[in-house]
Every structure is written in C-alpha cells, then in structure tokens.
Amino acid sequence: MAGKRHKGREIALQALFELDTVGHALDESIERLTQPKDVQAGAKEFAEELVAGVRTNNERIDEIIEETAPAWPLKQIAAIDRNILRLAIYEIVIDNRVPMRAAINEAIELAKEFGGDNSRKFINGVLGSVSLLAARSP
C-alpha cells in the first residue's frame, strides 16, 4: 500500500511539474508516466486523485503557500518545490486521508529525490508552518 501511494505521489508530482513548466496536458502526462510495467496497480488512480484535488483547489493551496512562505513569491519558488508543496498541502489541509506527519514525510522524500540541495529544508519549514495553521483551523 505505501509503495503504491509513494509511486502515485511521484507520478502526480511529475505531471503537475510538467503542467507548471511546459504546459503538458495532465492526462497525457499521467498516461505516459504510468506506462512502465513496474507501476503498481492503483498508483495511477491515486496519482489522478491527487492531481485532480490539487487542480480543483489550486487557488486556495497557492494562497496557503504565500501565507506560510511570505519571503518567497510563488513564482520565485523552484517549480519542483512549488509542486511538492501543492501536493502536500492538498493532503494536509484538504484531503485529510493520511496523517499530517506522513504527508510531510512523503513531501520531504520527494524533495530529496527530485529537488535541489536546499529543497528538503525549505519544504520542511513551509510545511511546519502549514501544520501549525492546520492545527488552528476548526
């Protein structure tokens, strides 16, 4: 189960990154990214759920990023970091199907795998602020 969810997050991240940077259609990106035979059953569906959730709630998610990372205008955040944050914030604030700590840990793992040298620290700091906001929300 954990492997399927992690792979789904990777696929969702890559599809969102492609949309954000070069405008590739999400459904085509997901289809291409799930072509390898080693993709676990259910990973594609989970990726599609995440992408749909992020896209539906994109405005609210970006507002949360701007509120919790005020020193960094959204467009100045590296595209990969911006999309890792979008996924994690969707899972933490909106979806609520996984524990907050698990969503943060997954985001940090994605940052280690796909981000730059400082991505992990940046992601962890912003999501720490998001978790404080989420804890205060009714």
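In this predicted model, the side chains of Lys-44 and Glu-31 meet in a salt bridge, with N and O 2.6 Å apart. Lys-44 belongs to helix α3 and Glu-31 to helix α2, so the pair ties together parts that are 13 residues apart in sequence. Both partners sit at an intermediate level of cover: Lys-44 counts as partly exposed at 23% relative accessibility, and Glu-31 counts as partly exposed at 36%.

Pairs of this kind make sense in simple terms, because side chains of opposite charge can pair when their charged atoms come close. A search of the whole structure finds eleven salt bridges. One of them joins Glu-49 and Arg-97, whose closest N and O atoms are 2.8 Å apart. Here Glu-49 lies in helix α3 and Arg-97 in the loop between α5 and α6, so this contact ties together parts 48 residues apart in sequence.

Another salt bridge links Arg-86 with Asp-20 (3.4 Å, N to O). Arg-86 is in helix α5 and Asp-20 in helix α1, so parts that are 66 residues apart in sequence are tied together. Arg-86 is buried, with a relative accessible area of 7%, whereas Asp-20 is partly exposed at 23%. These two residues also belong to a network of salt bridges that includes Asp-62 and Arg-82.

Asp-27, Glu-28, Glu-45 and Glu-48 form a negative patch, to which helices α2 and α3 each supply at least two residues. Glu-28, a residue of helix α2, counts as exposed because its relative accessibility of 57% is over the 50% cut-off.

Key: Residues are numbered from 1 along each chain as its sequence is written. This is a predicted model: local features need pLDDT of at least 70, side-chain atom pairs count only at pLDDT 80 or more; totals for chains, interfaces and linings use all residues. Side-chain values use heavy atoms; hydrogens and water are left out. Patches are made of residues with over 30% relative accessible area and no salt bridge: like charges are joined within 9 Å, nonpolar side chains (Val, Leu, Ile, Met, Phe, Trp, Tyr) within 5 Å. Accessible areas come from the Shrake-Rupley method with a 1.4 Å probe; for residues, only the protein chains shown count as cover. A salt bridge is a side-chain nitrogen of Lys or Arg within 4 Å of a carboxyl oxygen of Asp or Glu. Lys and Arg count as positive and Asp and Glu as negative; His and the chain ends are not counted. The place of a charge is taken as NZ of Lys, CZ of Arg, CG of Asp or CD of Glu. Helices (H or I, at least four residues) and strands (E, at least two) are DSSP runs, numbered from the N terminus. Buried means under 20% relative accessible area, exposed over 50%, partly exposed in between (1.4 Å probe, protein chains only).
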